[in-house]
Each structure stands twice: as structure tokens, then as C-alpha cells.
Amino acid sequence: MTLDPQAQAFLELADRSGRPLFETLDPPAARALYDETAAIAGGPAPDVFRVEDLDATGPFGPIPLRVYTPRDPAGSAMPVLIYFHGGGFVFGSRDSHDAPCRHLAREGDCIVVSVDYRMAPEFPFPQPVEDCWAATTWIAGQTGRFGGDAGRIAVGGDSAGANLAAVMCLMARRDGGPQFVHQLLIYPATDLSRSFASHADLADGYRLTKPLIDWFMDHYFSGEERNRRHELCSPLYADSLAGLPPAFLVSAGYDPLKDEDAAYFEKLRADGVAARHEHYPGMIHGFISMGGFIDTGI
């Protein structure tokens, strides 16, 4: 499969834009650039019935959330998707992923709760994990506050956010809940040791480059020395994935994460987890957030 023509056009446009590479900036400047770029790439954001900003209680202070209700619930509790944005654990926000979350709410007919967790380097691993876990347990205990069904909670995310969603499933299994009904993993980072061949094969030219991933990892692991194959940062290396909720995993053919995505899907299946893998061979990393340029995005 060749690179999708719309993905190719997007990459060429990015090259011509004159915008600096994220890894050449400090994190605050990179965050501002990413949010600005995401607002353009995401295209028009669909209307939903209600959008509410609120805070969860967290270990380092309040955690900003954004709750999307797709339609009038008419007094009936709706399923809930807790969503973690991508951005390499360094950038991304509830604003950068506003359009995808609106689409997920509308197309999934569910309440989406977007979590604006703290990020590296100010909060290196494992602090983003701790923030996400606090938000997850808070949301699970507060679903009635925004019309959600406590018995139908799913967790999901894209890229770094999908890593965090997978980790939330492991932590929920360890601690006996929340009982997620599903996990949505969109091109998840499952092996932060970066041991698979696709990292070398697709190291340059397809947006998520080796220098950018180096920059992400240097910031994420800027705290005390950590084992990068610990299950709370690399869920692929959990001893077992048995007992985790059913999974829908999305991957892209021109994404350095594609091999670890395939490996995670196979491990889920081998450990008895119901899982579906949707692979987009002509797509690049991040394509779901590029609906303004790529029809396959949302």
C-alpha cells in the first residue's frame, strides 16, 4: 500500500508551512503551536447538545475535564467514554482534541469526558498516570452528575492517550474497578522502549519522527530513572492482559508505532481478550485528528 494521497498532501503542506519542528521548541511553545495546528487540521467541529467544563480532584490539584453530551438524554443515563488526548505526554489538551471528541460523542451516541491531565516535563512519569487514574476514578464515581451510566463506562485515547487508556485498564484490573465495558486504543504507544523494527523503518518523513519521539521520551522520563518496560509505561510488557475489557485498536501503515500496535493486539487475543484491529495501511500517525484535510480522519 502506498501513502494515501491526502496524507501525502498534508505532509507536503506541513513542510511548506515554515512552522518550526516541535522538538526545536520548549514545551510551552510546542503546546501553543500544537493547539494552533490542531484547530486547523481538525476541520469543523460538529455541534453537540451540551459541552461542560469542570474539574476532577487530583493528587497535584484540580484536573480539567470537558464533558460532551451528544443529544438530549431525555432522562435516560447514557454510556460514557473517558478520553485521554495524544501528544507524546508533553503537549495536547482538551482544546486540541475538541473536534475528535465531538465526533466520538455524536457517532458513538455516548457522553465523552476529555481529561486534560498534567504532562511532562513539569510532571514526568509516573505523574501523568497518577493524574489520569485520579480523573478516571473521580469520573466513575460522578457519572450521575452529567447523565452517565455507571455500568457502561469505556476508556480510550489516541497515541500517548491510548497508552494511558491501556494503563488505566491494567490499574482497574489490579484495584478491582472501575469495571470498564470497552477500551478504544487509537494508534497506542504500547512499548516505550521502542524495540520494534517500524521505529527504524519509519524514523523520518511521516510526522512522528525519531527526533520528535526522542524529545517526547526525554521529557516523559525526565524524573528518576525508570524501567521503560514497566507495565505502567509500556503495557505490552504486562505479564498478562487477561481479564481486560474488550478492545478496539486502530493503527496506521506509515506510523512508527504500527509494529507495537500489532503486537499489543496479538497479546490481547492470546490472553483471551475480545479484540478487533482496524489497520489503515495508507495513513500516518495522528490521522484521526486531521479531519479537515484527510477524509479518513474524524
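1. A contact, as used throughout, means heavy atoms within 4.5 Å. By that criterion, among contacts in the protein chain between residues at least 6 apart in sequence, 79% join residues at least 24 apart.

2. On provenance, this is a predicted model, in which local features need pLDDT of at least 70 and side-chain atom pairs count only at pLDDT 80 or more, whereas totals for chains, interfaces and linings use all residues. Residues are numbered from 1 along each chain as its sequence is written, and side-chain values use heavy atoms, with hydrogens and water left out.

3. The protein chain comes to eight helices and eight strands, where helices (H or I, at least four residues) and strands (E, at least two) are DSSP runs numbered from the N terminus. Its radius of gyration, taken over C-alpha atoms, is 18 Å, close to the 19 Å that the globule rule gives for 298 residues, so the chain is as compact as a globular protein of that length; the rule is 2.2 Å times the number of residues to the power 0.38. Along the principal axes, the C-alpha trace spans about 50 × 40 × 35 Å.

4. Of the 298 residues, 55% count as buried, a word that here means under 20% relative accessible area, with exposed meaning over 50% and partly exposed in between (1.4 Å probe, protein chains only). The chain exposes about 11,900 Å², of which carbon and sulfur atoms supply 51%.

5. The eight strands form an open sheet with mixed pairing, in the order β1-β2-β4-β3-β5-β6-β7-β8; two strands pair if DSSP finds at least two bridges between them. Because β1 (50–56) and β8 (275–284) stand at the edges with a single partner strand each, one side of each is left without a neighbour in the sheet. Neighbouring strands are turned by 20° against each other on average, direction ignored. Strands β7 (247–254) and β8 run parallel and are joined by seven bridges, and S251 has H279 in β8 as its bridge partner.

6. Which strands does helix α8 lie across? Helix α8 (258–270) lies across β6, β7 and β8, at about 155° to β7, where axes are lines fitted to C-alpha atoms, for helices over the stretch in contact, and angles run from 0 to 180 degrees between N-to-C directions. Helix α3 (98–108) lies across β1, β2, β3, β4 and β6, running at about 40° to β2.

7. In helix α7 (210–220), the buried residues include L212, W215, F216 and Y220. The buried residues of this helix pack against α2 (27–41), α4 (127–141), α5 (160–175) and α6 (198–201).

8. F10, found in helix α1 (5–16), counts as buried because its relative accessibility is 10%. Leaving aside residues up to four places away in sequence, F10 touches A41, R207, I284, M290, F293 and I294.

9. A search of the whole structure finds zero disulfides, a disulfide being a pair of cysteine sulfur atoms within 2.5 Å. The sulfur of C101 is 9.7 Å from the closest cysteine sulfur, in C110, which is too far for a bond; C101 is itself buried, with a relative accessible area of 0%. C169 is likewise in no disulfide, the nearest cysteine sulfur, that of C132, being 12 Å away, and at 2% relative accessibility C169 counts as buried.

10. Is A74 buried or exposed? A74, in the loop between β2 and β3, counts as exposed because its relative accessibility is 65%. Its C-alpha atom is separated by 9.6 Å from that of G147, 73 residues apart along the chain.

Methods: Areas by Shrake-Rupley, 256 points an atom, 1.4 Å probe, with all protein chains shown as cover.
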